Amino acid sequence: MSVEIITYLVYLAISIGLTIWVAHTLHKSGRVFLVDVFHGNEQLADSVNHLLVVGFYLINLGYVSLALKLGYNLASAKEGIEALSVKVGMVLLVLGGMHFFNLFIFSRMRRRATLRNNPPPVAPDAFTAVGAA
Amino acid sequence: MSSLTVLYDPLCGLCRRVDEWLAEQPKLVPLILVAVKSDEARRRFPNLDHEPTVNDLTVISDQGAVYYGPKAWLMVLWALCRYREWSYRLASPELLPTTRRVVSLISQHRYQISRAAHLSR
């Protein structure tokens, strides 16, 4: 096997592994959050959680696949490792960006949901009796 | 709180325009619009002094909590799905003085604004 092939295989193994790990973390920790957002409706929370993770996989694996091609020949193992570090670094940044985007969506959903039960912004000036409508 | 009654000035074109806008907005708390000093307003709130309601927008909750002027405007925003966040922002200590100033400015000049915007009858 040439250095290029080994680099590609290691790249794929690391990126796919990382994607699975981040998606798993998101799936596990995001659930509690979603159950709270949907007022304890666990079925809906699980469904939304699953859909979010599927989107996460599609975008990340899509990027991993697109970024696979190196475009030049590797002369030594040293160059292979350097190329690998650049590729994996990019994958990590994309994963990080996606992860924070997901957190942003979660927090926005939660804020929206809690806003519904928030008390009035100001205290009343007075009180009066309420008659028949 | 299950509803808010808004006492508005039916003689002011701007207020009528705002009422039309309010009617279209999705609400978190239902708004009941009642003309100031009308029979209905007196029937709903028999013990309220209705004189000041002509000068300032008045909002009263179904539990009898009365909000005047800037607070009434904030309560109306609070009742709307899209603007509840804004009601907290505008009621924050940093922005409340500005909110008060702008609201009283608009309230005092509501007939002039209505005329200038051709909203009068």
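Reader: Among contacts in chain B between residues at least 6 apart in sequence, what percentage join residues at least 24 apart?
Author: This is a predicted model, in which local features need pLDDT of at least 70 and side-chain atom pairs count only at pLDDT 80 or more, whereas totals for chains, interfaces and linings use all residues. Residues are numbered from 1 along each chain as its sequence is written, while chains are lettered from A and ligands numbered from 1 in the order in which they are written. Two residues are in contact if their C-beta atoms, placed from the backbone, lie within 7 Å. Among contacts in chain B between residues at least 6 apart in sequence, the share that joins residues at least 24 apart is 61%.

Reader: Which pattern does chain B follow along the sequence?
Author: Helices (H or I, at least four residues) and strands (E, at least two) are DSSP runs, numbered from the N terminus. Chain B has six helices and four strands, and read along the sequence they give β-α-β-α-β-β-α-α-α-α.

Reader: How many residues of chain A are in contact with chain B, and how do the residues on the side of chain B divide by class?
Author: On the chain B side there are 23 residues, in contact with 15 residues of chain A. Helix H2 (39-44), strand E4 (65-68), helix H3 (69-79) and helix H4 (84-90) of chain B each supply at least two residues of that side. Ala, Val, Leu, Ile, Met, Phe, Trp, Tyr, Cys and Pro count as nonpolar, Asp, Glu, Lys and Arg as charged, and the others, Gly among them, as polar. The answers are therefore 15 residues of chain A, and, for the side of chain B, 14 nonpolar, three polar and six charged.

Reader: Which residue of E4(B) stands opposite A:Phe127?
Author: Strand E1 (residues 126-127) of chain A and E4(B) pair, that is, DSSP finds at least two bridges between them, and they do so in the antiparallel sense over two bridges. In E4(B), the residue opposite A:Phe127 is B:Ala65.

Reader: Are H2(A) and H3(A) roughly parallel or roughly antiparallel to each other?
Author: Axes are lines fitted to C-alpha atoms, for helices over the stretch in contact, and angles run from 0 to 180 degrees between N-to-C directions. Helix H2 (residues 42-66) and helix H3 (residues 77-115) of chain A pack at an angle of about 160 degrees, with their axes 10 Å apart. Angles under 35 degrees count as roughly parallel, over 145 as roughly antiparallel, 65 to 115 as roughly perpendicular and the rest as oblique. H2(A) and H3(A) are therefore roughly antiparallel.

Reader: At what angle do H1(A) and H3(A) pack?
Author: Helix H1 (residues 3-37) of chain A has its axis 10 Å from that of H3(A), and the two pack at an angle of about 15 degrees. That makes H1(A) roughly parallel to H3(A), the angle being about 15 degrees.
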